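Q: I have a structure open and I'd like to talk it through. Can we take it piece by piece?

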Amino acid sequence: MRTLQKSVGVAGLALLFGAVAFGQAIPYTGRNIRQAHSHLVEHGLGDKHFDLIAGHLTNTLKELSVSGDLIAEVLTIVEGTRSDVLSR
């Protein structure tokens, strides 16, 4: 995953996450979402950070004129990752 992260950056990883979250079959053999974020949780990653990222995503989708229904669907999927991202 480090090689992928270096080659595509954080934005590319976000795009990859989105594709997989919405059902795109992309072979992935790296760490799971809990493992990938565990070091961040150890350094204080919490709900407020998760909420900020979700807010940025919401604002971006609105700026792109994505429908409210689709934004709600996206946020439902994102919210479904909260427990794993925050190692709960």
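A: What follows goes through helices, a core, a loop residue and salt bridges.

Q: What kind of model is this?
A: This is a predicted model, where local features need pLDDT of at least 70, side-chain atom pairs count only at pLDDT 80 or more, and totals for chains, interfaces and linings use all residues. Residues are numbered from 1 along each chain as its sequence is written, and side-chain values use heavy atoms, with hydrogens and water left out.

Q: Start with α4. Which residues does it cover?
A: Helix α4 takes in residues 68-79. Helices here are DSSP runs (H or I, at least four residues), numbered from the N terminus.

Q: What span should α4 have, and what does it have?
A: At 1.5 Å a residue, its twelve residues should span 16 Å. The end C-alpha atoms are 16 Å apart, which agrees. The expected span is 1.5 Å times one less than the number of residues.

Q: Which residues of α4 are buried?
A: I71, V74 and V78 are buried in α4. Buried means under 20% relative accessible area, exposed means over 50%, and partly exposed is in between (1.4 Å probe, protein chains only).

Q: Where do the buried ones sit around the axis of α4?
A: Seen down the axis of α4, the buried residues fall within an arc of 60 degrees, so they line one face of the helix. The arc is that of the directions from the helix axis to the C-beta atoms.

Q: And what does the face turned away carry?
A: That face of α4 carries the exposed residues D69 and T76.

Q: What do the buried residues of α4 pack against?
A: They pack against α3 (47-63) and α5 (82-85).

Q: OK, α3 then. Which of its residues are buried?
A: F50, A54, T58 and L61 are the buried residues of α3. They cover an arc of only 75 degrees around the axis, which puts them on the same side of α3.

Q: What is exposed on the other side?
A: K48, L52, I53, H56 and E63 are exposed there on α3.

Q: What are the partners of the buried side of α3?
A: The buried residues of α3 pack against α4 and α5.

Q: What comes just after α3?
A: S65 does, with a positive phi of about 65 degrees.

Q: Back inside. Which residues make up the largest nonpolar core?
A: It has seven residues: F50, L61, I71, V74, V78, V85 and L86. A nonpolar core is a set of buried Ala, Val, Leu, Ile, Met, Phe, Trp, Tyr and Cys residues joined through side-chain atoms within 4.5 Å.

Q: Which helix gives the most to this core?
A: α4 gives the most, with three residues.

Q: Pick L61. What is it in contact with?
A: Leaving aside neighbours within four places in sequence, L61 is in contact with V66, I71 and V74. Contact means heavy atoms within 4.5 Å.

Q: New topic: T81. Where is T81 found?
A: T81 is in the loop between α4 and α5.

Q: Is T81 buried or exposed?
A: T81 counts as buried, at 14% relative accessibility. Leaving aside its neighbours within four places in sequence, T81 is in contact with F17, I33 and F50.

Q: Now charges. How many salt bridges are there?
A: A search of the whole structure finds five salt bridges. A salt bridge is a side-chain nitrogen of Lys or Arg within 4 Å of a carboxyl oxygen of Asp or Glu.

Q: What about D84 and R34?
A: Their side chains meet in a salt bridge (2.9 Å, N to O). D84 lies in helix α5 and R34 in helix α2 (residues 33-42), so the pair ties together parts that are 50 residues apart in sequence.

Q: And D47 and R82?
A: The side chains of D47 and R82 also form a salt bridge (2.7 Å, N to O). The pair links distant parts of the chain, with D47 in helix α3 and R82 in helix α5, 35 residues apart.

Q: How accessible is R82?
A: R82 is buried, with a relative accessible area of 12%. D47 counts as partly exposed, at 32% relative accessibility.

Q: What about R88 and D47?
A: The side chains of R88 and D47 meet in a salt bridge (2.5 Å, N to O). R88 is in the segment after α5, and the two residues are 41 residues apart.
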